[in-house]
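Subject: Structure handover

Hello,

Here is the structure you will be working with. Please look it over before reading the notes below it.

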Amino acid sequence: MVVQIAWVITGAGHFLEETFDVMNQLVKNNKVTVTTYLSSAGEQVVKMYGFWSKLEQISPGSHLQEVFTENKEDPSFSHAGRFILDLYNALVVSPASGNTVAKIVYGIADTLATNAVAQAQKGDVPVYVVPTDLEEGFVETTLPYRIDRRECKLCNPCSVVDVCSYSAVRILDGVPKIDSVLCQGCGLCVASCPFGAVKYGEKKRLRIRSVDVQNVEKLRLMNNLTVLEHPQQIETIIKKL
Ligand SMILES: Cc1cc2nc3c(=O)[nH]c(=O)nc-3n(C[C@H](O)[C@H](O)[C@H](O)COP(=O)(O)O)c2cc1C
């Protein structure tokens, strides 16, 4: 039997790589299909961190293996209506941003991600959520591609602009900027700058806000919804379905 999963990715960099590792593992043996639902910010971070081509392999586009993006949806997110049609065995939300968790907890369904959760709950599809902000303290996050103004020498022409085949680097007011929506994360720009001004993969420590932790606690109380601590736990759960 093929297990049919719907997977929401929100605009979170934390747990994104681990999420893709699990998605890859699951689809590898052809016993799991994944339909991906991306919030607007989710689409942006997937591109920024260079995971778009991986996503196209995980959800290659045939029926129940599509990638649905918020930006191309109609205002009522009709593809989220699938959850009341008994098409999916589970809905996974990983990684789940603090923003999406807050909205789910308060019943808000105004994005593709939160609407998918609302419809899954109405259609009795089990929901598994991996929040990024689980407990108070600090989290280490990896920054996406960026140009460090302190190291940029404002060359004209700029090799970073020239090397980008997606036209994602543009000069605005004399300064090169990476357009994170156009960036596909290929990484060619990093080596192209002789001054090392393009950065990728820098680690930063962020404080987790107590309001986000409190929202996760409220999430744990919701019916038909399970909070998971790490994307790896999804694999075990899906294998048992
Ligand atoms: C590079 C990058 C990484 C981010 N990582 C996180 C994260 O790990 N957790 C989080 O809650 N928000 C993160 N954000 C902020 C969210 O993208 C932002 O709150 C957005 O509104 C979430 O929208 P969504 O919940 O509809 O996807 C990140 C933003 C950027 C630009």
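Conventions. This is a predicted model, in which local features need pLDDT of at least 70 and side-chain atom pairs count only at pLDDT 80 or more, while totals for chains, interfaces and linings use all residues. Residues are numbered from 1 along each chain as its sequence is written.

Overall fold. The protein chain contains 9 helices and 12 strands (DSSP runs numbered from the N terminus, with H or I of at least four residues for helices and E of at least two for strands). The C-alpha trace spans about 60 × 40 × 35 Å along its principal axes. For 241 residues, a compact globule would have a radius of gyration near 18 Å, and the 19 Å of the protein chain agrees with that (the radius is taken over C-alpha atoms, and the globule rule is 2.2 Å times the number of residues to the power 0.38). Buried residues are 39% of the 241 in the protein chain. Here, buried means 20 or more other C-beta atoms within 10 Å of the residue's own, exposed means 12 or fewer, and partly exposed is in between, with C-beta atoms placed from the backbone. Of the contacts with a separation of 6 or more, 82% join residues 24 or more positions apart (a contact is two C-beta atoms, placed from the backbone, within 7 Å).

Domains. The assignment gives domain 1 (3–136 + 208–240) and domain 2 (145–200); such bounds come from an automatic or database domain assignment. Their C-alpha centres are 31 Å apart. Domain 1 puts 7 residues into the contact and domain 2 puts in 8. On the domain 1 side, α2 gives the most, with 3 residues. That side divides into 4 nonpolar, 2 polar and 1 charged (nonpolar is Ala, Val, Leu, Ile, Met, Phe, Trp, Tyr, Cys and Pro; charged is Asp, Glu, Lys and Arg; the others, Gly among them, are polar).

Core. The largest nonpolar core has 61 residues, and the members touching the most others are Trp7, Val8, Tyr37, Leu91, Val93, Ala116 and Val117. Such a core is a set of buried Ala, Val, Leu, Ile, Met, Phe, Trp, Tyr and Cys residues joined through C-beta atoms within 7 Å. Helix α5 (residues 112–122) supplies the largest share of this core, 6 residues. Each of domain 1 and domain 2 contributes at least three residues to this core. Leaving out residues up to four places away in sequence, Ala116 touches Ala6, Val8, Tyr37, Ala80, Phe83 and Leu91.

Ligand shell. The ligand is surrounded by 20 residues, the closest being Thr10, Gly11, Gly13, His14 and Ser39 (near means a C-beta atom, placed from the backbone, within 6 Å). Two elements give two or more residues each: α2 (40–48) and α4 (98–105). Of these, α2 gives the most, with 4 residues. By type, the shell has 6 nonpolar, 13 polar and 1 charged.

Two loop residues. Leu143 is in the loop between β6 (137–142) and β7 (146–147). With 14 other C-beta atoms within 10 Å, Leu143 is partly exposed. Beyond four places in sequence, Leu143 contacts Lys199, Glu202 and Lys204. Leu143 and Gly13 are 130 residues apart in sequence but 7.8 Å apart, C-alpha to C-alpha. Arg209, in the loop between β11 (203–208) and α8 (210–220), is exposed, with 12 other C-beta atoms within 10 Å.

Regards
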